[in-house]
Amino acid sequence: FPSGGGGGAGAVGQNGTSNQSGNGGVGVTSSITGSAIDRAGGGGGGSTVDGSAAGTGTDGGGTGGSSGSAGSNGTANTGGGGGGAAHLQNGGTGGSGVVILKYSSDLSLVIDAGLTATTTDDGTNKVTTFTAGTGSVEFVEATTPVVEYLVTAGGGGGGHNQGGGGGAGGFRTSAGTQLSLSTNYTVTVGAGGSGGTDNSTKGANGSNSIFSTITSAGGGGGG
């Protein structure tokens, strides 16, 4: 029977039907960077040996493999799940997570060398996007920092051999969070889980993403 799609942060994945593997569940839209971006969608299920259509990944999720192909990888820094594989193929890798902080331009942020980050201006605010690594950050040179954050974990890998799509990484966001100056806050960007490569193992779970006390759980791997 055709495989199911991985769950998204905004909706569950679809079940397979008699001739169609399930699509991944939709993700969630955030405008924290100044532009509306969809993230954390589920991966599509892989096609079957008898020719069912592969499921579509959504909002960063990878599309399922069709006609003897591997599942597609989830998009980097969206937390999208990997696509499930077609017959005897490998699942796609889940998309890596992301941590985004938005804060007043009056603040300065000291970032550990272990983190990969870029900072842009958005009106009277700065937006720092962390795309890889783990380390700490520290706000300095201003009044009490108040931040908006988005923390998306790594997506799960797609399943092997007519496998299900990987689930999206956890998605947490909040505005108006008060922090302290000259205090180290942990930031970790979760990696996507690897796709399944044999019938005895499912796709790997994604890794958690963290900001301070906020943890988003990695997405589940597809079976």
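**View 1. Contacts of Phe130 in the predicted model.** Leaving aside neighbours within four places in sequence, Phe130 is in contact (heavy atoms within 4.5 Å) with Val98, Val99, Leu101, Leu109, Ile111, Leu115, Thr116, Ala117, Val137, Val187 and Val189. This is a predicted model, in which local features need pLDDT of at least 70 and side-chain atom pairs count only at pLDDT 80 or more, while totals for chains, interfaces and linings use all residues. Residues are numbered from 1 along each chain as its sequence is written, and side-chain values use heavy atoms, with hydrogens and water left out.

**View 2. The nonpolar cores.** A nonpolar core is a set of buried Ala, Val, Leu, Ile, Met, Phe, Trp, Tyr and Cys residues joined through side-chain atoms within 4.5 Å, where buried means under 20% relative accessible area, exposed over 50% and partly exposed in between (1.4 Å probe, protein chains only). The largest such core has 18 residues, of which Val99, Leu101, Phe130, Val137, Phe139 and Phe211 touch the most other members. Strands β3, β6 (125-140), β7 and β9 each supply at least two residues of this core; strands are DSSP runs (E, at least two residues), numbered from the N terminus. A second, separate core of 8 residues includes Ile32, Val98, Val127 and Phe171.

**View 3. The aromatic cluster of Tyr149, Tyr185 and Phe211, linked by ring pairs.** A search of the whole structure finds 3 aromatic pairs, counted where ring centres of Phe, Tyr and Trp (its six-membered ring) lie within 6.5 Å, with planes under 30 degrees apart taken as stacked, over 60 as edge-to-face and the rest as tilted. The rings of Tyr149 and Phe211 have their centres 6.0 Å apart and their planes at 50°, so this pair is tilted. Because Tyr149 lies in strand β7 (residues 146-152) and Phe211 in strand β10 (residues 209-211), the pair ties together parts that are 62 residues apart in sequence. Tyr149 is buried at 7% relative accessibility, and Phe211 is buried at 1%. Tyr185 and Phe211 also form a tilted pair, with 6.3 Å from centre to centre and 40° between the planes. Here Tyr185 belongs to strand β9 (residues 185-188) and Phe211 to strand β10, so the parts joined are 26 residues apart in sequence.

**View 4. The salt bridge between Asp122 and Lys102.** The structure holds 1 salt bridge, a term for a side-chain nitrogen of Lys or Arg within 4 Å of a carboxyl oxygen of Asp or Glu. The side chains of Asp122 and Lys102 meet at 3.0 Å, N to O. Asp122 lies in strand β5 (residues 115-122) and Lys102 in strand β3 (residues 98-104), so the pair ties together parts that are 20 residues apart in sequence. Asp122 is partly exposed at 24% relative accessibility, whereas Lys102 is buried, with a relative accessible area of 15%.

Terms used. Helices (H or I, at least four residues) and strands (E, at least two) are DSSP runs, numbered from the N terminus.
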